[in-house]
Amino acid sequence: MKWLLALCLAAACGAASAATAIIHAHAFTMAGAGEVQDATVIIDDGRVVSVTAHGPAPAGARVIDAGGRVVTPGLISAATQLGLAEVSLAADTDDRAVSSGPLGAAFDVDYAFNANSVLLPVARADGLTRALIYPGMGAGPFSGQAAMIRLIPPGGTVERSRAAEFAVTGQAIASKVGGSRAAAWGLIRNALGEARRLGEGKLDPRARLNSLPDLEALQPVIAGTIPLVIQADRASDLRQAIDLARDEKVRVVILGGAEAWSLATELAAAKIPVILDPQADMPQTYDQIGARYDNAALLAKAGVPIAFQVSGNGVYLSYNVGEAIRWGAGMAVANGLPYQEALAAITSAPAAIFGFPTGAGTLAPGADADVVIWDGDPLEPASAPTAVFVGGEPAPLITRQTLLRDRYAPRR
């Protein structure tokens, strides 16, 4: 790893930027070039210039010999809560959701993002370079607004706020909306109707249930500029989500979708993406009775756009996010999902679903140079990055956790 140390020192000292050439790479571009053996990946000015088989390194470039190792775009988590909760049982470090108060759809996690979270360097050292952070369940069906983050050293930064609106349906929200999941759907439809009338200047202020901040927050959903992400697992709720997308003409994304495989054809026809947990095969609630390991494979085969979130009963929404989504992708492959589609589910697919910057999650020419070199198959649990680049600059693989490991369990 002497070459990586040298690059880090050069960056730290403000050395003049030079093009970087990663040679002899087994590159998965997640773009038009597909999988490229013995690839040369050229990076310059923070962007990918080219990926070519057996290509030469430019004169004067910093050359890194990948030695046949796998090289991928930086990983992207489609739904996480990095930077919103440091210690989940410590209330003063948990800003994921509101349990009371006036804010519903207008709740914005951007304001609480902790760029100094010690969990961000850990996720980046595991290959994660971007993520969508989203709110936890609130006091009503609307949880609030999500944000895109980029894990630029030393911690991370919000790349785009108000990138999606989240809502919760099913058994999870029933007790907060009067006792029935039917109430959640009624409230969601009413809020969208009120938001539309507000935008048209036709809203009677005496006859509205929702606050003006919440209705204003829903305007991008009505306009179709951001998606409405609906947390739903049971097939009956998924049918309601399909109907909502059709009736209200809004972009819907499903988060969860434990029983989505049973409606794969309908979801594909409605062009509704599903962010699922490929490790979910046992029901945690009655809404997930139909959970099965090949959910991802069945959805992808039907043409449903998919991306991954691995929850681990909520643990992996903040901790070990990079590792967890890799493990989940590997589980999906073991249960029938083609390898390239599994890798896309943690790179290019989340970028496409949420409209991350052009080229994000790929090694396409012109894309941000978020690049990872792996010591093995990235979908194998025992593999790890040997180098991570964010915007073409090497990111440190040393974290608080590695320092603690080395202090208390020194290598012999």
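Two strands pair if DSSP finds at least two bridges between them. Keep that in mind as you tour this predicted model.

**Start with the confidence colouring.** Colour the protein chain by pLDDT: the mean is 92, and 96% of the residues reach 70 or more. Now select residues 1-16, where the pLDDT is below 50. Beyond near neighbours in sequence, this stretch makes 16 contacts in the model.

**Next, select strand S14, residues 371-374.** Show the side chains and look at where they point: Val371 and Ile373 go one way, while Val372 and Trp374 go the other. Are these residues buried or exposed? All of them are buried.

Select strand S5, residues 70-73: three bridges join S5 to S14, and the two run antiparallel. Here you will find proline 73 opposite valine 371 of S14. Then bring in strand S15, residues 385-390, which pairs with S14 over four bridges, again in the antiparallel sense. In S15, the residue opposite valine 371 is phenylalanine 389.

**Finish at helix H9, residues 295-302.** Highlight Asn295, Ala296, Ala297, Leu299 and Ala300, which are buried. What covers them? Show helix H8 (264-270), strand S12 (274-276), strand S13 (306-308), helix H10 (321-334) and helix H11 (339-344), which are among the elements of that cover. Last, click on glycine 303, which follows H9 and has a positive phi, near 95°.

Technical notes: Residues numbered from 1 in each chain as written. Predicted model: local features only at pLDDT ≥ 70, side-chain atom pairs only at ≥ 80, totals over all residues. Heavy atoms only, no water. Buried < 20%, exposed > 50% of the residue type's maximum accessible area, 1.4 Å probe, protein only. Contact = heavy atoms within 4.5 Å. pLDDT = per-residue confidence, 0-100.
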